Amino acid sequence: MAVASMAVDAATEILMPSSEDEAIAAFGDGADVVVVGGGTIVVPDMTYRRLRPSKALMLGRAGLSGITKDGSRVTIGATTPVQELTEMAAPIGPCASNVADLEIRSQGTVGGNLCAGEGSEAPRGDLQGAFLAVGATARSAAGGDVTEEPLEDFLAKRGERLLLSVSFDEPAAGAFAGLDRPHTHDYTALAVSGARATDGTLRLAATGAGSWGARLLSAEAAAGDPAAAGEAALQDVSPRDDALASAWYRTKVLPVLVRRVLTELKESA
Amino acid sequence: MNLTVNGVAREIDGSALAPLLDVLRDELGITGPKAGCHQGGCGSCTVLVDGEPRRSCLVPAGYAEGTQITTVEGMGPPEDLSPVQQAFVHYYAAQCGFCTSGMLLAAQAYIDRGGTDDPEAIQHALAGHVCRCTGYSKIIDAIAAAARGDSFDLTTTAVGKHTTMSNGGAA
């Protein structure tokens, strides 16, 4: 006998906009809205009943996918599959290649990954560090108002706004160093991204060193000495124990990853 | 919603947010895709969506509307197996069989996009597909042979007649 999926409550209201304007209107002020990009996070959370959305905004048909380039300015639509970033220069390309496996990367979206906070077992926003390192801006909507702001400011709002796209200027140089993953299913236990902008600004950021990606400002200030910068990075984050790694292990590895990224950036100078 | 599965248009009642896997198995009775972990970690539910491999447990059914979905049932009937299926038979690449349909579809997609018999490339393409019988080397041998376009005499697969060495294995 045909049986309806148990994953979704019959009462769940489904919104599937077919344009950006419709998506902004459907999101409204975001109250009670669960945003679905590719579904790779939301769908299993529903299957295991960790998430019972009363209203789900499915973005897959809203025309928010695609990468455009205007000079050195790159803009990535929120529902662009992570897989489409894998050939980009460091830190974004290698960081994206380190997300899940081919099938999940091709389904999961850049916006979904960037907006994913801490999960039940570990931090999830693998790409946050790489996009913070290139000084990305986030274009987002809430209450019908569309704003572009630094990604850090957007992430600090923890999902109150609907991400539409991220943009950044291609850096002069970039580097990425992360822990290998025991299984492709695992989120990033710890990774460091670095980039030097064309104006010389150096940015460093970590994924997995806390519940959300974080800039490593103390390490940036000490960047002239990679070993010292590595130790300084510990002042910028508070690593935690979780299913992927212990806080102790992350504390030992973070300085190493920072040093590797800075050394690679120096060599490319 | 309307889904096209193995070339047949099917009408379904479920939510657009329901996992495609649940719709295929529970609503349409298509049980080739297996519900292993139901959270994207094992690959046993992989199907092709417009020729691209996808974990059907992660894909909202609404996103599959208007696409061509292929499950293992669409690959080739037992009396006329596809080359990849023949390779799996020939190389004993299935033990308990639970991971096999996902492996076959991911392998088919890999070959369709021009994949070679390079074992590392095959491992990369099928990363995330778990075989709990741990029969990986034979699976990789089979996919490599299918990628090369080897032809298979399925009468030579009896126990004792087959070794991977005699079939151009990397040794």
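Colleague: Which hand does the crossing of α2(B) and α5(B) have?

Modeller: The crossing of α2(B) and α5(B) is right-handed. Keep in mind that this is a predicted model.

Colleague: Which residues make that contact?

Modeller: From α2(B) come Pro83(B), Val84(B), Ala87(B), Phe88(B) and His90(B). From α5(B) come Ala142(B), Ile143(B), Ala145(B) and Ala146(B). Now sort them by class: eight are nonpolar, one is polar and none is charged.

Colleague: At what angle do the two helices pack?

Modeller: Residues 83–90 form α2 of chain B, and residues 136–148 form α5 of chain B. The angle between them is about 140°, and their axes lie 8 Å apart. Angles over 145 degrees would count as roughly antiparallel. That is why α2(B) is called oblique to α5(B).

Colleague: On to the sheet. What is the strand order in chain B?

Modeller: The order is β2-β1-β5-β3-β4, in an open sheet of five strands with mixed pairing. Look at the edges next. β2 (8–11) and β4 of chain B each have a single partner strand, so one side of each has no neighbour in the sheet. From one strand to the next, the twist averages 40°.

Colleague: In which sense do β3 and β5 of chain B pair?

Modeller: They pair in the antiparallel sense, over two bridges. Val49(B), for example, has Ile69(B) in β5(B) as its bridge partner.

Colleague: Which strands does helix α3 of chain B touch?

Modeller: Helix α3 (residues 100–112) packs on the sheet and touches β3, β4 and β5 of chain B. Its direction makes about 35° with that of β3(B).

Colleague: Last, the two chains. How many residues are in contact?

Modeller: 29 residues of chain B are in contact with 27 residues of chain A. On the chain B side, α1 (20–27) and β4 (52–55) give two or more residues each. That side has 13 nonpolar, nine polar and seven charged residues.

Note on methods: Residues are numbered from 1 along each chain as its sequence is written. Chains are lettered from A and ligands numbered from 1 in the order in which they are written. This is a predicted model: local features need pLDDT of at least 70, side-chain atom pairs count only at pLDDT 80 or more; totals for chains, interfaces and linings use all residues. Axes are lines fitted to C-alpha atoms, for helices over the stretch in contact, and angles run from 0 to 180 degrees between N-to-C directions. Helices (H or I, at least four residues) and strands (E, at least two) are DSSP runs, numbered from the N terminus. Angles under 35 degrees count as roughly parallel, over 145 as roughly antiparallel, 65 to 115 as roughly perpendicular and the rest as oblique. A crossing is left-handed if the near helix is turned anticlockwise from the far one by less than a right angle, and right-handed if clockwise. Two residues are in contact if their C-beta atoms, placed from the backbone, lie within 7 Å. Ala, Val, Leu, Ile, Met, Phe, Trp, Tyr, Cys and Pro count as nonpolar, Asp, Glu, Lys and Arg as charged, and the others, Gly among them, as polar. Two strands pair if DSSP finds at least two bridges between them.
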